[in-house]
Amino acid sequence: MPSVLAEISFLSNPSDEKWLKSPDNRQRVADGLYRGIETYLQSTNSLTSNQARSSAENIQENARSGNSQ
């Protein structure tokens with residue numbers, strides 16, 4: 001199963017922790033990760049636009065609700 005491991009910041013760093021507490025910042029991270037993965041998959045012809053949109057909606061919903069997968 002393909003996967004992506006992204007290290008965004010460190011909760012042991014007080015300024016990183018404060019930054020991550022903002023839902024808008026977490027959404028920015030989720031959007032950036034999604035766009036990067038989508039671009040890569042499209043460049044390898046591994047993903048169609050419809051699949052990408054569906055995945056993006058799931059990722060954005062998880063980011064808004066605070067769920068991680």
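Read along the sequence, the protein chain follows the pattern α-α-α, with three helices and zero strands, where helices (H or I, at least four residues) and strands (E, at least two) are DSSP runs numbered from the N terminus. This is a predicted model, in which local features need pLDDT of at least 70 and side-chain atom pairs count only at pLDDT 80 or more, while totals for chains, interfaces and linings use all residues. Residues are numbered from 1 along each chain as its sequence is written, and side-chain values use heavy atoms, with hydrogens and water left out.

**Confidence**

- The protein chain averages a pLDDT (the predictor's confidence in each residue, from 0 to 100) of 83, and 80% of the residues score at least 70.
- Confidence is highest in helix α1 (residues 14-20), at a mean of 94, and lowest in helix α3 (residues 49-65), at 68.
- Where pLDDT is low, the predicted coordinates should not be read in detail.

**Burial and surface**

- Of the 69 residues in the protein chain, 19% are buried, where buried means under 20% relative accessible area, exposed over 50%, and partly exposed in between (1.4 Å probe, protein chains only).
- The protein chain exposes about 5700 Å², of which carbon and sulfur atoms supply 51%; accessible areas come from the Shrake-Rupley method with a 1.4 Å probe, and for residues only the protein chains shown count as cover.
- Val4, Ile8, Trp19, Leu33 and Ile37 make a nonpolar surface patch of about 410 Å²; patches are made of residues with over 30% relative accessible area and no salt bridge, like charges being joined within 9 Å and nonpolar side chains (Val, Leu, Ile, Met, Phe, Trp, Tyr) within 5 Å.
- Val4, which is found in the segment before α1, is exposed, with a relative accessible area of 56%.

**Side-chain pairings**

- The structure holds one salt bridge, a term for a side-chain nitrogen of Lys or Arg within 4 Å of a carboxyl oxygen of Asp or Glu.
- This salt bridge joins the side chains of Lys21 and Glu17 (3.9 Å, N to O); Lys21 is exposed at a relative accessible area of 58%, whereas Glu17 is partly exposed at 32%.
- Asn25, found in helix α2 (residues 23-43), counts as buried at 13% relative accessibility, and the side chain of Asn25 reaches the backbone oxygen of Trp19 at 2.9 Å.

**Contacts along the chain**

- Among contacts (heavy atoms within 4.5 Å) between residues at least 6 apart in sequence, 32% join residues at least 24 apart.

Technical notes. A polar contact is a pair of N or O atoms within 3.5 Å; within protein, one must be able to donate a hydrogen and the other to accept it, and residues adjacent in sequence count only if both atoms are side-chain atoms.
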